[in-house]
Amino acid sequence: MIDFRYHLVSLVAVFMALAVGIVLGAGPLGQEISSTLEAQVRDLREERNGLRDQLDQAEARGDLKDQVVEVVTPTVTMDQLTGHRVALVAMPGADRNLVGELQDVISGAGGAVAVTARLDNSWTDPNLERSAERHELAAQLATDLAVPSPRTGDEPTVETVLAAAVTGQDAVAGSGAWRLAMDELGAAGLLDASWGVGQDAVTTGPPDSVVLVTGSLSTAEVEAGEDGEARLEQALDLVAGFGDLGVPTLVAGYGTEAYAAPVQTAESPVVRGVRAEADLADVVSSVDNIEGPSGQLAAVLALRWTIEDQPGHWGLGTDAVAPVPAVPQPKVQEADTTTTAPGPFPVPEPTAPGGDGEDGAGETGTLGPGDSSPTGEAPTEGSSAAEPGEAPTTDAVPTTGAPTS
């Protein structure tokens, strides 16, 4: 049995230890601890300010580099898609601004956006009744189309039907069943198709290549539940349909320009899915950052390489081979033989030094044919500037980030 004196001694010891701690804490030890904490806080504040300055500088430099890409893109992509008619297929929730920007860069590269097909949310509606309606409509339309093989199963799906319809795959050549199929899909509320200026389904025919813009589906949604997984499978079924038909196809995703940890969470799951399946990765191309100028540049060049039967995967994502592909040789537009060829250009008389136009700018100060530099200075002897009409000297095959297949 513990007696009262033991408790008393214990209480006295506790209070004495507390008193000693208070005295030391308020005395020399307290001052030392306070100084140490203040120094650590000051160091952390300085480190934070330094990191913020580095981030601001990095963002400013990134913006300047984007401006450089925007300036050179029209020149680099000039005539890369001349003569080609492209179908833009936007998955449900695809950013409309990005779709519009892709239309602009394709047009700037000499291509024509024949049709823009925006898929409605009802395309991926998990409701059983809606799913049955889609299945019934696919079975009805597939009878008149040369639909590709589905990734799973034997029966046609709305994805295989859409792939056949957009690219004009009639079961009987010239029957026009693909046009009827697009109309029926639109009437069912599954897509909204709009033809480009000067383009229509009757006189200009189906497109010869496809750019599929991934929608709002995120990696988190795919990992969260069955609905996300089903939407991903539908998107991959559509991509596989285009690939099975042998139509040059580019999958254009976005999200990797923004910071994310890990970076995979910002990548489009459709792009990741394409790159993860060897059968798809070998026949279609992908770009994962079309929200940035470099991604839009990569999209045009990647589509050109895909048309040349050399697909690849570019961007800032984890499975991209390089940010952008090499620049292919621009396409040469066929000469119009129905018009009279122009005669030789008149050769101007040389201007004597010291006369009018001595500075090479002439009386009006405009640039002459030999002024190839931005400053208007004439090329010096030994300059590598190309003569008018000389073929571009860009590589005909990719040397950086080139497709290997």
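Tutor: Helices are DSSP runs of H or I with at least four residues, strands are runs of E with at least two, and both are numbered from the N terminus. By that count, Glu59 lies in helix H2, residues 28–76. This is a predicted model, in which local features need pLDDT of at least 70 and side-chain atom pairs count only at pLDDT 80 or more, while totals for chains, interfaces and linings use all residues. Residues are numbered from 1 along each chain as its sequence is written, and side-chain values use heavy atoms, without hydrogens and water.

Student: Where does Arg52 sit, and what does UniProt say about residues 34–61?

Tutor: Arg52 is also found in helix H2. The unreviewed UniProt entry annotates residues 34–61 as "coiled-coil region"; such annotations may be inferred rather than shown by experiment. In the model, that stretch is 100% helix and 0% strand. Its end C-alpha atoms are 41 Å apart.

Student: Why is Glu59 called partly exposed?

Tutor: Buried means under 20% relative accessible area, exposed means over 50%, and partly exposed is in between (1.4 Å probe, protein chains only). Glu59 has 43%, so it is partly exposed. Arg52, at 47%, is therefore partly exposed too.

Student: Is Asp237 buried or exposed?

Tutor: Asp237 has 17% relative accessibility, under 20%, so it counts as buried. Arg151 has 27% and is partly exposed.

Student: What makes Glu277 and Arg151 a salt bridge?

Tutor: Their closest N and O atoms are 2.4 Å apart, so the pair is within 4 Å. Glu277 is in the loop between helix H9 (269–276) and helix H10 (278–281), 126 residues from Arg151. Glu277, with 27%, is partly exposed.

Student: Why is Arg304, a salt-bridge partner of Glu308, called buried?

Tutor: Arg304 has 7% relative accessible area, under 20%, so it is buried. Glu308 has 35% and is therefore partly exposed. Their closest N and O atoms are 3.0 Å apart, so this pair meets the salt-bridge cut-off.

Student: Which residues do shared partners join into one network, and how many salt bridges does the whole structure have?

Tutor: Arg151, Glu233, Asp237 and Glu277 make up the network. The search of the whole structure finds eight salt bridges.

Student: Where does Asp125 lie, and how far is it from Ala230?

Tutor: Asp125 lies in the loop between strand S2 (112–119) and H4. At 26%, Asp125 counts as partly exposed. Asp125 and Ala230 are 105 residues apart in sequence, with C-alpha atoms 9.9 Å apart in space.

Terms used. Salt bridge = Lys/Arg side-chain N within 4 Å of Asp/Glu carboxyl O.
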